[in-house]
Amino acid sequence: MTAPTAPGSPGLPTAPAADTFVTGPDGLSTAEVAQRVARGQTNEADDRTSRTVVQIVRANVFTRFNAILGVMLAVVFALGDYRDGLFGVILVSNSAIGIAQELYSKRTLDRLAVLNAPGARVVRDGKVLEIPVEAVVLDDLVEVRAGDQVPADGVVRSSNGLQVDESLLTGESDPVDKPAGSALMSGSIVVSGSGRFQATAVGNDAYARKLAAGVKEFSPARSELRDGIDTLLRYITYAIVPISGLLLWSQLASQGASVRSALIATVAGVVGMVPQGLVLLTSGAFAIAAIKLARRKVLVQELVAVEGLARVDVVCLDKTGTLTEGRISFDRAVLLDGHSSDEATVQAALGALADDPSPNATTEALAAAIPRPDGWPRVASVAFSSKRKWSAATFEGHGTWVMGAPEMVLPEAPEDDPTRTEANELAAGGERVLLLARTDARLAGDTLPTDLVPVALVLFEEQIRPDAKDTLAYFRAQGVSLKVISGDNPRTVGAVARRVGLDAAGEPVDARELPDDEAELGAILEDHSVFGRVTPQQKRLMVKALQARGHVVAMTGDGVNDALALKDADIGVAMGSGAAATRAVAQLVLLDGKFAKLPGVVAEGRRVIANIERVANLFVTKTVWAMLLAVLIVCSRVFASGWAYPLLPRHLTLIDTVTIGVPSFFLALAPNTRRYIPGFLRRVLEFAVPAGLVAGTAAFLAYALARWDLITGHRSAHLRTITNLETKTAATIVLMIVGLWILVLLARPFTRWRAILVGCAAGFGALALVVPAIADYFALRLPPAAVLVQTVAIGVAAAAVIECGYRAVRIRNRVRGRHRRGDAADVGDDGVDVTGEVTASPDA
């Protein structure tokens, strides 16, 4: 059954008409393939996992702030001194660096994506070939097996128990049987069996591509950082337009002001309000993190997934392939009492079952240990599926043999049945236990045969990943809850969980007893950590139930039965050796399959989150004080004759470079392992708004007092009247003092490189004031001694106020945090606790 087609969506594909081209069992010939390639009938499509070069350039050049600054730059070049256009260098550099970083990231990640891309098996000239998915052509005979994602629409030509999951396309959760003659949809996932189909629609004509045409544009997953920054930038844009208009009016209306000076003053005000570089540093931090992870064999398919894993508080782990190596080996068969089959017959039956046209890990392990017997022709079979949890075959002259989970092969047997009791005892030792049963009845479809007689218990060994125990210990130490979810026997899963250090996980839960209600399931998930006999649909329900309770959920897995849960999770992590469908829907792919890489991903995410928050404080603080200065200057015109804006554009360039631009670059890329703390935007505003108001007020006060000397003609101790340029220098000095102190606060706790960074910033600021050539270039002139002392005192007092406010907020947040948790503050690795308290840092 399939879901109804939504209005406006493409119709479901159907089998082709009888008079259409029918591909034979040997597939297309080389000449036929060449004809279709020449006609463009290939599986290439326009969908991409990353932006094109044109999109990258457009996104970095044509931004609202670049437009504002571009207009301001044109005004400066038309009317002013070119030195007032220094901010144009930052404008161009931001765009150029952003383009270069994203292009480098695109090339690196696209190369990895090609290496990781799933392939397709096609029959051509009678031979099965492995080719890229995009090389499939119309009418190709495509072979699919369990774990494959169907690459094109088509009609089934041969089927061996072929079942597909179409839920990604139709919403139908139950697997759908696909006998010969039935239609296949691209994007569906083969869950059991195997078969061959003729491709009848490829590329952009395929159903999945049509269905997704409206949503295939580049669209990153949700990111708290990006959402917060976008919100900030949106409101800043709203504020810039009216404030800059009022500022221009006030400057034109000021006494003695020319049009030229009014426009230059307005440019200075607007440039100060624009948080140049914040978006660049954010996207650059994501891109560099993705490149670093790529070098560690971690493919980041969505950049914001780096941040996402750092926000995760629940990790759902599939046992096989995640905690274990994913490879199993046949151990032994334990004959059961009361049956007539001898050991040789059991070995022959296992060897015959291993010769499966739809092999899986279990049958491959049997095939590696037991040779195929002679005289066991297969006349019917049922492929294994994660829903049935058994497979079967009828052999001419030997009856029907079924192998699968004991409780699924013997569904009517009570819990205390001797066979199930023995199976549970063996499973409690950590081995995978399957039941081999026999009947004389032939298979009838995919229905479990009746009158099955238990013959033997088949044991398989799994190797625990050597890095699993340490990796899980890391997550537990970070306060992340772990849920082991598997389709295996609960006792086997519990034994593996204990071997990897999850001793406190409690008794394993049989998922067949779990409720379907989301709220009830969520409550059980809060109390238990190990689950067995979980179906793929239950894995999805578990993810959704945890999300409904406010958790950020990561799901790891490698099998096709994990694909849908990975898609629904906040962060899906697939193993590089996993099924193609699983890798296709995951945000992160561990290319070498090493689970131990996840702590490194978490560390990169934490570095990005914590550092971008630091630099956002710097940028937003500057925006706040620039807006406040503009408003105060407008008010001076309303209540008095009006004053000129206290800064030139080149003054803002100097302040921006010394206290924000260069330091923020290093801070954004620095080591930082602070734990994720929700509330990025709130914390930035709580710091930046008060700090910006203090800085703007102090700068205006220093400027006003200096102007008072200018207006009254007051002479200093040097018997010299202060000049207009010196009043602007006074405001610049205050803003540099306050800006440097904010940098000191955000660079804490100090390490050697952070101390050097702050020292260099302060040193260059001082040189700009005292070295004549630099001072002349930036239009700076120190005021008379008395005004200079007064100015420095105002700057130091403002820095002290910000320091006191910062400490008060820290104490308040620490008390709130302890009241909330009832214990001591939770200190992260970089010395910053979840309440904002600073202690020590290891990131030297």
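Good morning. The model is predicted, so local features are taken at pLDDT of at least 70 and side-chain atom pairs at pLDDT 80 or more, while totals for chains, interfaces and linings use all residues. Residues are numbered from 1 along each chain as its sequence is written, and side-chain values rest on heavy atoms, with hydrogens and water left out.

I begin with the overall make-up. The protein chain holds 28 helices and 21 strands; these are DSSP runs, H or I of at least four residues for helices and E of at least two for strands, numbered from the N terminus. Of the 844 residues, 55% are buried. Here, buried means under 20% relative accessible area, exposed means over 50%, and partly exposed lies in between, with a 1.4 Å probe and protein chains only. As for contacts, defined as heavy atoms within 4.5 Å, consider those between residues at least 6 apart in sequence: 73% of them join residues at least 24 apart.

I turn now to helix packing. The axes of helix α23, residues 649-669, and α26 come within 10 Å and cross at roughly 165 degrees. Axes are lines fitted to C-alpha atoms, for helices over the stretch in contact, and the angles run from 0 to 180 degrees between N-to-C directions. The two helices α23 and α26 are therefore roughly antiparallel; the classes are under 35 degrees for roughly parallel, over 145 for roughly antiparallel, 65 to 115 for roughly perpendicular, and oblique for the rest. The crossing of α23 past α26 is right-handed, a term used if the near helix is turned clockwise from the far one by less than a right angle, with anticlockwise giving left-handed. On the α23 side, the contact is made by Leu654, Val658, Pro663, Phe666 and Leu667, and on the α26 side by Trp753, Leu757, Ala761, Phe764, Gly765 and Ala768. These residues divide into 10 nonpolar, 1 polar and no charged. In this scheme Ala, Val, Leu, Ile, Met, Phe, Trp, Tyr, Cys and Pro count as nonpolar, Asp, Glu, Lys and Arg as charged, and the others, Gly among them, as polar.

The second pair is α3 and helix α7, residues 224-253, which pack at an angle of about 30 degrees with their axes 11 Å apart. Helices α3 and α7 are therefore roughly parallel to each other, and α3 passes α7 in a left-handed crossing. Arg64, Phe65 and Ile68 of α3 meet Leu233, Ile236, Thr237 and Ile240 of α7. That contact of α3 with α7 comprises 5 nonpolar, 1 polar and 1 charged residue.

At the start of α17, a side-chain oxygen of Asn489 comes within 2.7 Å of the backbone nitrogen of Arg491. After α17 comes Gly501, with a positive phi near 95 degrees.

I now come to the loop between α25, residues 724-747, and α26, residues 752-770, where Arg748 is found. A cis peptide bond links Arg748 to Pro749, with omega about -10 degrees. Is Arg748 buried or exposed? Arg748 is buried, because its relative accessible area is 17%. Its side chain makes a polar contact with the side chain of Glu803, at 3.1 Å. A polar contact is a pair of N or O atoms within 3.5 Å; within protein, one must be able to donate a hydrogen and the other to accept it, and residues adjacent in sequence count only if both atoms are side-chain atoms.

Two residues other than glycine have positive phi values. For Lys297, phi is near 70 degrees; Lys297 lies in the loop between α9 and β8 and is partly exposed, because its relative accessibility is 44%. For Ala779, phi is about 55 degrees; Ala779 sits in the loop between α27 and α28 and is buried, at 10% relative accessible area.

Asp81, in the loop between α3 and α4, is 568 residues from Pro649 in sequence, yet their C-alpha atoms are 9.9 Å apart in space. Beyond neighbours within four places in sequence, Asp81 is in contact with Val76, Arg260 and Arg650. Gln163, in strand β4, counts as buried because its relative accessibility is 7%. With neighbours within four places again set aside, its contacts include Pro175, Ser385, Arg388 and Asp446.
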